[in-house]
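Work through the exercises below with the structure in view. Try each task before reading its solution.

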Amino acid sequence: MPVKVAHPTALVIHGGAGVIDRDQLDSAQEAAIRADLDRALDAGHAVLARGGRAIDAVEAAILVLEESPHFNAGKGAVFDAEGRHQLDASVMEGDTRRAGAVAGVRTVRNPIRLARAVMERSPHVMLAGDGAEAFADTLQDIERVPNTWFDTEHRRRQLEAAQARQQAGNHDVRGTYFGTVGAVALDRGGHIAAGTSTGGMTNKRWNRIGDSPVIGAGTWADDRCGVSGTGWGEFYIRAAVAHDICARVAYAGDTLAAAAHHVVNVVVPQLGGDGGAIALDRDGNIAMPFNTSGMYRGWINPDGSRGTAVFREDDGED
């Protein structure tokens, strides 16, 4: 009987694309952000190294990022127009095409865990608002916190600045929606999973929901490709960004790099949006395109080499 050879593993994460200028990010802040990215990589890689499933690695990595105040997810979530927080998340398993998502939750400490619970412990794919909270009420292992637990002074200042611009007649939302986190993993079984978590858009109204919890827009995984996006959600929904990248790999025969580049750097800007994405294929190839000044990102290749980056030149990209 032939011996089954373990598939090489890989992991890629992001902490959001956006207007990240060197003169606005001091060395201490950058070091802290890179340290959290490294911790997330360590958490996800530990799962993969012991033969764990891709979905477990994705959850482990995103949990670290949700617990950090440096990213727009979990503890670092932005404020909405009412001075509160509404959080969204989604996960998808490529080999089974199972998916779970939550939108507009207010008291769930780690929305990525609730999104996975929707996938595995409910008959549904997406739950929102009060319904998602009611579902969380049935699950003893989903930790709850008061909405104020997500407060950070940095995000409050961002809200005040956004509302000041609005009162001055400037209704441009560009730059208010970055910082989403995500992960894509490839496990020893050759299976891919992806996940995304966010606090959404600063000063958002009317229970606005972006692409992060929308399967095919912010998150997608199939048997050959996985994607997590970060950017202007309205455009990522309209372009079905995550699915489009993997569809180009599956149906057009594009390389992962070519597919991700075209969707993020051509399709999205043509519509008027911006942002980035991380993508991973079943051969362990990684793509991290973005059309903004920076994107927090980290990766571990199949050969074990790893890195973190913030700006374009950090990893030699053109």
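**Exercise 1: A helix and its surroundings**

Task. Find what follows helix H1, then describe the length of H1 and its packing.

Solution. The model is a predicted one. Step one: glycine 51 comes after H1 and has a positive phi, near 90 degrees. Step two: H1 covers residues 27-49, which makes 23 residues. From first C-alpha to last it reaches 32 Å, close to the 33 Å expected at 1.5 Å a residue. Step three: list the residues of H1 that are buried, that is, under 20% relative accessible area. They are Glu30, Ile33, Arg34, Asp36, Leu37, Ala40, Leu41, Gly44, Val47 and Leu48. An α-helix has 3.6 residues a turn, so residues three or four places apart point the same way. Step four: the buried residues of H1 pack against helix H2 (54-66) and against the strands E1 (10-18), E5 (181-186), E11 (294-300) and E12 (306-311).

**Exercise 2: An open sheet**

Task. Give the strand order of the open sheet of four strands, and explain why one side of E7 and of E10 is left without a neighbour in the sheet.

Solution. Step one: the order is E7-E8-E9-E10, and the pairing is antiparallel. Step two: strand E7 (219-221) and strand E10 (286-287) stand at the edges with a single partner strand each, so one side of each has no neighbour in the sheet.

Step three: follow the pairs in order. E7 is joined to strand E8 (residues 225-231) by three bridges, and alanine 221 has glycine 226 in E8 as its bridge partner. E8 and E9 pair over seven bridges; here glycine 231 is partnered by glycine 275 in E9. Two bridges join E9 to E10, where leucine 280 stands opposite isoleucine 286. Four residues lie between the strands in the hairpin of E9 and E10, and glycine 284 in this hairpin takes a positive phi near 90 degrees.

Step four: look at E9 itself. Seven of the seven residues of strand E9 (residues 275-281) are buried, so E9 is largely enclosed by the rest of the structure. Gly275, Ala277, Ala279 and Asp281 point one way, while Gly276, Ile278 and Leu280 point the other way.

**Exercise 3: A cavity and a pocket**

Task. Describe the lining of the largest cavity and of the second largest pocket.

Solution. Step one: the whole structure holds one cavity of 30 Å³ or more. The largest cavity has a volume of about 70 Å³. Twelve residues line the largest cavity, and the closest to its centre are Thr180, Thr198, Arg208, Asp211 and Ser212. Its lining has two nonpolar, seven polar and three charged residues.

Step two: the second largest pocket has a volume of about 310 Å³. Of its 17 lining residues, Gln166, His171, Val173, Met201 and Asn203 are the closest to its centre. The lining of this pocket divides into five nonpolar, six polar and six charged residues. Helix H5 (residues 153-167) gives the largest share of the lining, three residues.

Methods. Residues are numbered from 1 along each chain as its sequence is written. This is a predicted model: local features need pLDDT of at least 70, side-chain atom pairs count only at pLDDT 80 or more; totals for chains, interfaces and linings use all residues. Side-chain values use heavy atoms; hydrogens and water are left out. The expected span of a helix is 1.5 Å times one less than its number of residues. Buried means under 20% relative accessible area, exposed over 50%, partly exposed in between (1.4 Å probe, protein chains only). Contact means heavy atoms within 4.5 Å. On a 1 Å grid over the protein atoms alone, a cavity is a set of points where a 1.4 Å probe fits but cannot get out, and a pocket is an open set with protein on both sides within 12 Å along at least five of seven lines; lining residues have an atom within 4 Å of a point. Grid points are joined across faces, edges and corners, and a volume is the space filled by probe spheres set on the points. Ala, Val, Leu, Ile, Met, Phe, Trp, Tyr, Cys and Pro count as nonpolar, Asp, Glu, Lys and Arg as charged, and the others, Gly among them, as polar. Two strands pair if DSSP finds at least two bridges between them.
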